[in-house]
Amino acid sequence: MADNSRVIQGRILTPKAESATKLQWVLSHNPEANDILASWIRKRAIDHRGLFTMPPKHPNRLPTLLVSLILPMVFLCPGHQSRASEPVGDTYREILNLGLEDLLDMEVTSVSKKIQPLSSSPAAIHVISERDIRQSGVTTIPEALRMVPGLQVARIDSNKWAITSRGFNGRFSNKLLVLIDGRSVYSPSFSGVYWEIQDTLLEDIERIEVIRGPGATLWGTNAVNGVINIVTKHSADTAGGLAVVGAGNQEQHMGGLRYGGAIGDNTYARVYVKENQRGAFDLLAGGDANDDWSMHRGGLRVDSQLARDSFTLQGDIYRGNINQTLTLPSLTGPFFQETFIDHVDVSGWHLLTRWKHTVSATSEFELQAYYDYTHRDEIFADETRKTFDLDFQHRILLTDNHDFLWGVGFRNVRDHYAPSFVAPIFPTANSIDSYTGFLQSEIALRDNIALTLGSKIEYLEHTGLEIQPNLRVMWSLSDQHKLWASVSRAVRTPSRAEHDARFLASVIPPLLPEINPLPLPVMVIFAGSENFKPEDLTAFEVGYRLLPGKHFSLDIAAFYNDYNQLRGVRAGENEIPGSLDQPIIQPYYIDNQYSGATRGYEVSAVWQPQEWWRLDFSYSYIDLTIDRDDHFSETQFGHPPRHQVSLRSTIKLDANIDLNLWGRYVSNTKASYTGPLPYEIDAYTTLDANVVWRPARNLEIALVGQNLLDNRHTEFVAEAFIPETEIKRSLYIKIQMTF
Amino acid sequence: MPIHCHLRVSERELFRKTPLWLLYLPFALNVFFPGVVAAQTADEYQIKAALSYNIARYTSWPSENQVVRFCIVGNSAVLNAFKTFEQKQIESRHLIILHVTKITDTSSCQVLFISKGNRDLLPRINAAIGTNPVLTISEMPGFNESGGMVNLLTKDDKITLYINQSAVVKSKLKISSKLLRLAELVE
């Protein structure tokens, strides 16, 4: 594409119809030929003498941009630049006049991502596309999620994240359901998601759909505040090879290799391997946090597509060495706590298969089964879990206006915990079954009003029957304006730990005046309870979407979430030991004493001022109130950041060079914490930037900087045991090759 | 007259008579509202729409209607690319461009374009069409193998046509040999 910057000038000597055909032939192998021809036929670019000038196709856009941003007060006529943005007029009609050979000879220009049409989903949905992931320079799924308005994403240390939607964040934030290709990665042991082990080759992710608000009806339990659905590409779309290598100060080294293609008439497959080594952060108190980590993984996906059936088989296997600094309570004085550097071994694998069958144009069903094995060995918890899950769903178009979906599911979770001083779980092994069913109707009341109503019905051994209904309305005023509203209920079921653990939160040293006058240490224990009931949410949401033109779109969602039976603790009676060499035990039993509400709104906008320049903006506001505002509720629930702002700019500087900038602001946060007070975290502003250069068609080189504004800020702290760390500035280079 | 910043000739004059900010308005308009000034260039879907139109010109249906119904499964960006040639004709038959909202309606189309990202809909589309004479065109790997007729795949920035002749014949359509010569045949 060396010719792109060339200005083509010339003179049409005989502007007559028959010579047009000849010229078409002559120029058909020149990339600019069709544009010239187009301009000529249109006669727009020709003056009265028959002279024409073709602007360079991909000029350097940096000057235009700098001028528009930095020198607005200086009068400048950027005539040549603005014209250069693209050939003017309806080139399209001329393309229509070309024959097949010429069309097949044309180069396809994949213009930067266009404004998408408005979603007609009656929920606060946001989709991260593969392009968003590539342009953002992120190296992990959690970092990609920072693009979603209304999601709270915070890094605790080098290998831990706290992620939630619409409040109640924490390492073990328990109200967000996460699925990867239909497989739940929500941990039923301590609730929440171990984000550090959730990964795949990022280049193989097709999209990440995020729904804020309850999604329990379709997606299942624990989709209380949101659902994240990570969807990888069909293996027909990943033919060929891909190699990625990179290195940096924090992203110390990374490598990935994928190969795919057809393995039969209707069958495609791919395999991949990937490795990452990431460096440690610093402790807030100073010194190395010793939280460096490495992950190795590999996987495969096979897809078979027949006329009426499709089959998918996929699996992953991973192993990781994760380091962490832990401060754990202990019975040994004088401090009654000890700090360790812990080496965590994580490993696991899964296998998933899915069969979709189309009975007729109005009826199709899907059967999915997976088995997932996961092992995690850290000082205070050594856990093995095996999950088997079977899901069936059937979709029928009952009438032209009535789409009916129903399904049933079964899940068995078998776990085993090694004995632990800090977090013993008893019984150490268990097998829990759950049964689910759901039905949902989508009814078109009129051409532009659709009603969705349905319910999930779930039976869990511990908690019995749960019904989670929802009602949603979508009103499409036009293609440009859409309104939606919903009311729904969702529940968060107790984790294994909330049921069966006796969790040592701290040890109070003996002979502390006023706190513990006794000569024995006191073990403060949070004890799980069989009586703990599911937490319960009723959510009210409204949304508005606007697409005033080709270059701008706006999406607003507001919510009021009413929570009941939120988790609290109630002090039990002291257990005084029979002898003087044993500690006193002060148990706190968990119960459902709290209720509260969150309210807020999220605004996201996309603006594409030029073909080569796109801006993605989001702002979210949230406020949390707990009905009974006491000491415990404050430390237990914290407060999410009231304001979050994200602005991403993607600029195509040149046909082969992109510049991406991403600024974020997060206002101050109160993290939930097992200490005497909630942990206050200061507001922060940060900037990521990257330049991507494609020197050849199959080669891409990216230079990425993350957290560029400072070398130390704290984003979050874990609920317990993990000393506070600060996020470092990260710089890395990545080379990607396709073959 | 498009608001262009071609002020070179009268630049000086304008400068004298007009407040400064007004001079700078065309530029601002140009940067921030490109739609006002310049239309978009030919992109992937403009070419694919043109190709689809040409492919339809080289196709004959068992019974020819007064109109050719061109149905689109895809988002509005795809639809708009096709809409531009609604004025065109194929052998004096008018084109009607339709956005598919119900899959059950696809059996009455003469041409059906299914954009990528709708892979999940293929089995239901296949079921809806059956052996009705609908020329199916798409742009995803594996489309021909699962019963699709014409596949437009991009390789090295150029589009290659792949045609599944047996699927075409099964639906009693005929594709001219001129078109077949330009395509790669897939069984």
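How many helices and strands make up the secondary structure of chain B? Select chain B and colour by secondary structure: there are eight helices and 10 strands. Helices here are DSSP runs of H or I with at least four residues, strands are runs of E with at least two, and both are numbered from the N terminus.

Before you go on, some orientation. This is a predicted model, where local features need pLDDT of at least 70 and side-chain atom pairs count only at pLDDT 80 or more, while totals for chains, interfaces and linings use all residues. Residues are numbered from 1 along each chain as its sequence is written, and chains are lettered from A and ligands numbered from 1 in the order in which they are written.

Staying with chain B, 41% of its 187 residues are buried (20 or more other C-beta atoms within 10 Å of the residue's own, with C-beta atoms placed from the backbone).

Next, select residues 44-57 of chain B, helix α4, and residues 76-83 of chain B, helix α5. They pack at an angle of about 50° with axes 8 Å apart, the axes being lines fitted to C-alpha atoms over the stretch in contact, with angles from 0 to 180 degrees between N-to-C directions.

Finally, move to chain A, which has 11 helices and 37 strands. Of its 739 residues, 40% count as buried.

Methods. Buried ≥ 20, exposed ≤ 12 C-beta atoms within 10 Å, placed from the backbone.
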